[in-house]
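Student: I would like to go through this structure step by step. Please show it to me.
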Amino acid sequence: MAISLLAGCSPLERKLRELDRTIAQKEVFRENLETRLDSLRSVHAGDSCDSLRWIHANELYKLYKFYQVDSALSYLKEMDRYDSPQTHAKTVIESVDIYTSLRNYASATEAIASLDTLSLNESELAQYYNSLLFLYAIEAEDESLPQSTRNEMLEKRYTVRKKYLACEGIDPFEKVRRHGIQLYEDGKAKEAIPILKGLVKDSENLGEKAAAAYSLANAYIETKQNDEAKYWYAQSAIYSLQRPVRAFQSLYELSKILYIENTLQRASDYSRSALEDALEANYNAQVYTTATSKLAIVSAVDYQNKRIRVTGVMIIVIFAVLLFVIAWLFLRNMKKSRDLRRAHRKLEEANKIKEGYVFQYIGLSANYLQKIEDFRRDLRQDMKNGNIDGIKKMLRDPNFNVDEYKHFYSIFDETFLGLFPDFVDKVNSLLPEDEQFKLKNPNELPTGLRILAAIKLGITDSGKIAEFLTCAPSSVYTHRSKIKKKALCSAEEFEKLVSDF
């Protein structure tokens, strides 16, 4: 999956990711260099003559030159101590580079002025011009110097480069690279690009590859091809980190472009890495410019983060409002859903009650009609027979009404409990244990439960309940009040819960 995702990236993005990995692994490359330095120091400690001491001090100096300036300076002093007429010019020229790295322009200028160019061989003369180019380049980029001085350094560098290119002792690689630099500075960047690109490809030394890639990136800057420039600045930084050195410009230049393009997080990461390396190397020539750039990037990142935080707060507020509205709609729909379910349950209960009671009372009514007809027949028979005493007895007999009402309530209770078998248990759950209803007959409701059953069926008026139970309204009211006072909940809630069972 990771490979397929990487394959979908642009060449520039893949190169930047490679750079990120190389930065993360730079300590590994540095450990390898430290191993080489330890080995060389051991050899140097056993040197038996001044010439060997100079040679090994020079090798250590070159390894430290762009890695740790203070250490490089200490080995340069050893080179000076073990100097000879044959090595004197090289020692002085190397001191120019170190003083330049420390931004000690006066000492660098004094050292370069102490050399007699007529006494230098071709190789030494080439090295002399190279050091002058380094000095002038650093001064031209030093924003702490007056602009007039910087412009003067640019002109001197242009003149010295021509002399350097004409020098027979120039290194073949440097001759080609400097020629490419001359071309893009003369406005011929398109001609310089293939020359510098071939130089990167053909060089085998990491230091040469890094320098060629850096110059190639500068050529692409001249042609306004920023993506190509970023690619080659990144490649130059990778070579420098793998070499490894701490003092190099490519990562700093890359961070500047990313800053201008508002790719602030990467710009901040790269400028921080470049600044850390420059500080560890004590490379003063780069610390100032990198630190200035880092401050600008940090300021921009801070501003962007503030905007992101403000935007984030606004988004959070909007989402909070949306969530509130969604929650309100959800709760509203839930309430409607509960109301619909309750209404549906009520409707189902109403249908159950209708089905349960209607057929029971149709049969009961038919039975009463038959009994009335039988009662009338008996009356007519007694009247026909002149049995006045029998008629009086029938009309005065109280057992008739009592038996019929018992039968009526028996049917009511049986039907109700059939429809709501757990009604008594639910009512009891609302009452203290010592006040709960105990049924003597599981199919017969006491008066209190019968009143609550009427409420469950929707008959809430005490007068109507009294008519139903053939008793006084005051009696119904008393029963209701007594039960509600015993309830574990409030009186209003009690009857509502009973209705909702």
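Tutor: The model is predicted, and local features need pLDDT of at least 70, side-chain atom pairs count only at pLDDT 80 or more, while totals for chains, interfaces and linings use all residues. Residues are numbered from 1 along each chain as its sequence is written, and side-chain values use heavy atoms, with hydrogens and water left out.

Student: Is H2 oblique or roughly parallel to H15?

Tutor: Helices (H or I, at least four residues) are DSSP runs numbered from the N terminus. The axes, lines fitted to C-alpha atoms over the stretch in contact, have angles from 0 to 180 degrees between N-to-C directions. For helix H2 (residues 11-24) and helix H15 (residues 264-281) the axes come within 12 Å and cross at roughly 40 degrees. Under 35 degrees counts as roughly parallel, over 145 as roughly antiparallel, 65 to 115 as roughly perpendicular and the rest as oblique, so H2 is oblique to H15.

Student: Which residues of H15 make the contact with H2?

Tutor: Contact means heavy atoms within 4.5 Å. From H2 come Glu13, Leu16, Arg17, Leu19, Asp20 and Ile23. Their partners in H15 are Arg266, Tyr270 and Ser273.

Student: How is H21 placed relative to H22, oblique or roughly perpendicular?

Tutor: The axes of helix H21 (residues 462-469) and helix H22 (residues 473-486) come within 8 Å and cross at roughly 110 degrees. That angle makes H21, relative to H22, roughly perpendicular.

Student: Which residues in H22 does H21 meet?

Tutor: H21 takes part through Ser462, Gly463, Ile465 and Ala466. On the side of H22 they meet Pro473, Val476, Tyr477 and Arg480.

Student: Which helix gives the largest share of the lining of the second largest pocket?

Tutor: A pocket is an open set of points on a 1 Å grid over the protein atoms alone, where a 1.4 Å probe fits, with protein on both sides within 12 Å along at least five of seven lines; lining residues have an atom within 4 Å of a point. Leu73, His88 and Tyr99 are among the residues that line the second largest pocket. Helix H5 (69-81) and helix H6 (88-101) each give two or more residues to this lining. The largest share, five residues, comes from H6.

Student: Where is the place of proline 244?

Tutor: The peptide bond from arginine 243 to proline 244 is cis, with omega near -5 degrees. Proline 244 has its place in the loop between helix H13 (226-242) and helix H14 (250-260).

Student: What is the phi of arginine 103?

Tutor: Arginine 103 is in the loop between H6 and helix H7 (105-113). Although arginine 103 is not a glycine, its phi is positive, at about 60 degrees.
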